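Me: I want to go through this model term by term. For each label, give me the value, the cut-off and the conclusion.

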Amino acid sequence: KALIQYANRIPKAELHVHVEGTLYPSLLHRFANRNGIPTSALQHKDPQTEYEFEGYSGFIDLYSSNCQVLVNEPDFYELTRDYFVRARQQGIRHAEVFCDPQLHTRRGVPISTIINGICNAMDTAETEMGVSGKLILCYFEDGGPHGHRRKGEMDPIEELRSVQEDPNIKKDRLAGIGGYSYDPNAPYKQLKPVYEYARSVGLKTVVHAGEYGPASSVREAIKTLRVDRVDHGVRSAEDLTVLRLVERTKTPLTVCPLSNVRLGFYESLQKHPLRMLMQGGCLLTLNSDDPAYIGASLSDNFRSCIEQLHLSRGEIKTLAINSVDVSFASDARKEAIR
Ligand code: ADE
Ligand code: ZN
């Protein structure tokens with residue numbers, strides 16, 4: 001129990017949390033009500049109960065559908081603020097929050113509404129709570145059962161260019177881009193030029209790989225997209241050559257153990273490769289991914305890993321220090337957190 005308290009207290013960063021994944025049922029209904037969206041249009045009817053879904057596919061469907069309640073800037077602001085309040089209670093001093101602009105812009109929400117809502121909330125969180133924030137915009141590779149890029153949608157490069165050029169969009173907290181492929185064998189073909197563009201304008205890059213995708217997707221992420229970090233990356237454990245590549249390149253993995261179990265990638269935490277990756281010498285951080293859907297915060301992830309994978313005090317400390325070290329916070333900010 002002392003270790004659980006230690007994990008909660010130690011200064012740390014959360015580097016893999018989707019802002020849409022922090023939309024708790026109570027917030028879903030609050031935003032729906034004020035935006036005139038009837039309960040009948042929602043998959044989840046009861047604000048008092050937890051989300052229910054079957055596996056990964058059920059998760060993606062519900063998560064995407066629930067986004068319809070996010071319409072105006074105050075929705076993005078309050079959603080973000082709500083996360084930072086909970087973050088502070090868990091000893092999180094810095095958070096890098098993902099957002100999927102395509103789930104919103106395709107419904108007609110301007111990119112400025114999304115970015116300004118989230119980043120203004122981060123300004124408030126830093127001044128009022130001492131928790132700093134960065135935003136990472138995530139884009140979908142087309143194809144696979146959950147192909148998300150739709151015809152007529154703005155090209156991510158054009159969108160990023162318009163963001164850079166728009167004086168009315170807040171850019172100081174925009175750290176980089178992320179992405180997903182829902183095609184198990186897609187080698188991030190469409191995302192590659194987007195990543196090259198992002199790098200050319202000084203943005204950092206991360207991508208989801210080695211979760212839905214096999215170990216080889218982690219190799220693609222490192223060699224083709226040349227990312228600064230890999231989100232999940234846990235299936236690297238299935239291929240020794242990929243594992244060696246992750247170690248050799250010191251590519252950090254933002255691991256989300258309870259998400260991996262809840263979404264059906266591992267039968268139980270006991271079967272999760274966290275410990276094997278840690279012993280292999282990978283640079284790991286612990287994260288919640290989608291706390292409202294997984295039903296687990298970052299603190300819950302630490303607690304479960306302490307109880308079921310027997311994380312030691314030293315291992316907790318390493319995970320916390322890693323999270324600050326591999327974050328995109330400024331050196332001055334990292335120093336202030338440690
Ligand atoms: N969208 C939000 N969370 C995700 C995850 N863990 N994997 C893929 N897509 C996601
Ligand atoms: Zn994720």
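Me: What share of the 338 residues in the protein is buried, and what makes a residue buried?
Reply: Buried residues make up 48% of the 338. A residue is buried if 20 or more other C-beta atoms lie within 10 Å of its own, exposed if 12 or fewer, and partly exposed in between, with C-beta atoms placed from the backbone. This is a predicted model, where local features need pLDDT of at least 70, side-chain atom pairs count only at pLDDT 80 or more, and totals for chains, interfaces and linings use all residues. Residues are numbered from 1 along each chain as its sequence is written, while chains are lettered from A and ligands numbered from 1 in the order in which they are written.

Me: What share of the contacts with a separation of 6 or more comes from residues 24 or more positions apart?
Reply: Such residues account for 74% of them. Two residues are in contact if their C-beta atoms, placed from the backbone, lie within 7 Å.

Me: What makes Lys170 count as partly exposed?
Reply: Lys170 has 18 C-beta neighbours inside 10 Å, so it counts as partly exposed. Lys170 sits in the loop between α7 (156–165) and β4. Leaving out residues up to four places away in sequence, Lys170 touches Ile115, Asn116, Cys119 and Asn120. Lys170 and Asn120 are 50 residues apart in sequence, yet 8.1 Å apart C-alpha to C-alpha.

Me: How do you know that Cys99 is buried?
Reply: There are 24 C-beta neighbours inside 10 Å, so Cys99 counts as buried. Cys99 is in strand β2 (residues 92–99). Beyond four places in sequence, the residues that Cys99 touches include Val19, Ile114, Leu135 and Leu137. Leu135 is 36 residues away along the chain, with its C-alpha atom 7.4 Å from that of Cys99.

Me: And what makes Phe76 buried?
Reply: Phe76 has 26 C-beta neighbours inside 10 Å, so it counts as buried. Phe76 lies in helix α4 (residues 73–89). Outside four places in sequence, its contacts are Leu70, Thr113, Ile114, Gly117 and Ile118.

Me: What is noted about phi in His232 and Asp289?
Reply: Most residues other than glycine have a negative phi. His232 has a phi near 75°, a positive value in a residue other than glycine. Asp289 has a positive phi of about 75° although it is not a glycine. His232 is in strand β6, and Asp289 is in the loop between β8 (284–286) and α13 (291–294). His232 has 26 C-beta neighbours inside 10 Å and so counts as buried. Asp289 has 28 and so counts as buried.

Me: Which residues are around ligand 1?
Reply: They are His18, Gly21, Tyr180, His208, Glu211, Tyr212, Ser259, Asp289 and Asp290. A residue is near a molecule if its C-beta atom, placed from the backbone, lies within 6 Å of it. The shell divides into two nonpolar, four polar and three charged. Ala, Val, Leu, Ile, Met, Phe, Trp, Tyr, Cys and Pro count as nonpolar, Asp, Glu, Lys and Arg as charged, and the others, Gly among them, as polar.

Me: Which handedness does the crossing of α9 and α10 have, left or right?
Reply: It is left-handed. A crossing is left-handed if the near helix is turned anticlockwise from the far one by less than a right angle, and right-handed if clockwise. The axes of α9 (residues 215–223) and α10 (residues 240–248) come within 9 Å and cross at roughly 35°. The contact is made by Ala215, Ser216, Val218, Arg219 and Ile222 of α9 and Val242, Leu245 and Val246 of α10.

Terms used:
Axes fitted to C-alpha atoms, helices over the stretch in contact; angles between N-to-C directions. Helix = DSSP H or I, 4+ residues; strand = E, 2+ residues; numbered from the N terminus.
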